[in-house]
Amino acid sequence: MEAIREGAVPIEGIDLNCITLRSGREVFDRMVGGQEFDVAELSTSEFISLMGRGDCPFVALPVFPSRVFRHGYIFINTRRGIRAPKDLEGKRIGLPLYTQTAAIWARGHLAHQFDVNLATIRWVQGAVEKSGTHGKPHAPPLLRPVAIEQNASADPLGALLARGEINALIGSRKPDELGRHPDVARLFPNYRALELELYEQTKIFPIMHLIAIRRDLYERQRWIATSLYNAFVEAKRRARVRMRYAGSLSTMLPWLIDDVEEIDEVFGGDAFPYGIDANRPTLQALVAYMVEQHFIARAIPIEDLFVPLSGATGT
């Protein structure tokens, strides 16, 4: 996205004013709660939930700026008898938001790969690094009751995990206590191998965010979807070229080029494809998880989630 933000990639017919906010949660809350932006990065699960309700105020582009494997983001208190995923059954597990896309993916993996009965778990919502809530979300209510409580203590979830007041934590990033507190560890120390196995077996690389456009704007000027999509494709192309330039490294990773070559081999040259077809297994899995976890009543056809892109180029 950097080339668009910096103005290096123009968008045909559009004068874009890019606003960079500190957190994705702030973007989502302001977009869904107040429709403050014409175009915004948006939680994929929040968008799908709104689509399932039937009156979604947004349309979406099949552009996915955030993707993260999630096996490495499940943390446990090692003194609470958790040795395997099935040991999570019957436990209290913290998470920033039950409705968070990262949490949906993690629960789906636990259920499908490790046969964990999610219905036995009690969920505790709250911020991980500070007390209180994680943002002010506007996601539609779940279709069935789930055992969710709000963290009412003065401490963040990371501190509760370290003390054993919650048994485990599913997060979108690592808690500060990991590596600092002796009782906090990952559920899957071999998470990278498990994530690679997931991709090789299913072609699932979890999608976190997509690009949303206000529906009223799109209905008035449908051509903007294609203009935006083409610009996002070009910005990604430039980012890929920059990342692969070996004369000087684009990020502070000593073996960046070696990692890029390995990733290219695994993902067939592009780990972050746009469009529907290349992402169908991932999108279908997310929709299925959302049905199972009572976010939407029935599976939504993938093509119905995104606007048609006549004249769009590239992926």
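## Helix packing, sheets and cores in a predicted model

Helix α3 (residues 44–53) and helix α10 (residues 280–292) have axes that come within 11 Å and cross at roughly 65°. Axes here are lines fitted to C-alpha atoms, for helices over the stretch in contact, and angles run from 0 to 180 degrees between N-to-C directions. Helices (H or I, at least four residues) and strands (E, at least two) are DSSP runs, numbered from the N terminus. This is a predicted model, with local features needing pLDDT of at least 70 and side-chain atom pairs counting only at pLDDT 80 or more, while totals for chains, interfaces and linings use all residues. Residues are numbered from 1 along each chain as its sequence is written, and side-chain values use heavy atoms, leaving out hydrogens and water.

Who touches whom at that crossing? On the α3 side there are T44, S45, I48 and S49, and they meet L286, V287 and M290 of α10; contact means heavy atoms within 4.5 Å.

Now for the sheets. One is open, has three strands in the order β1-β9-β2, and pairs antiparallel; two strands pair if DSSP finds at least two bridges between them. β1 (39–43) and β2 (58–67) sit at the edges with a single partner strand each, so one side of each has no neighbour in the sheet. β2 and β9 (residues 207–214) are joined by six bridges, and S66 stands opposite H209 in β9.

The other open sheet runs β6-β5-β4-β7-β3-β8, six strands with mixed pairing. Its edge strands, β6 (148–150) and β8 (184–186), each pair on one side only. The twist averages 30° from one strand to the next. Between β3 (residues 74–77) and β8 there are three antiparallel bridges, and I76 has A185 in β8 as its bridge partner.

| α2 (residues 24–34) | β1, β2 and β9 | about 110° with β1 |

On to the cores. The largest nonpolar core has 60 residues, and L42, F47, I48, F58, I170 and F306 touch the most other members. Such a core is a set of buried Ala, Val, Leu, Ile, Met, Phe, Trp, Tyr and Cys residues joined through side-chain atoms within 4.5 Å, with buried meaning under 20% relative accessible area (1.4 Å probe, protein chains only). A second, separate core of 21 residues includes A3, I11, V63 and V233.

Methods. Buried < 20%, exposed > 50% of the residue type's maximum accessible area, 1.4 Å probe, protein only.
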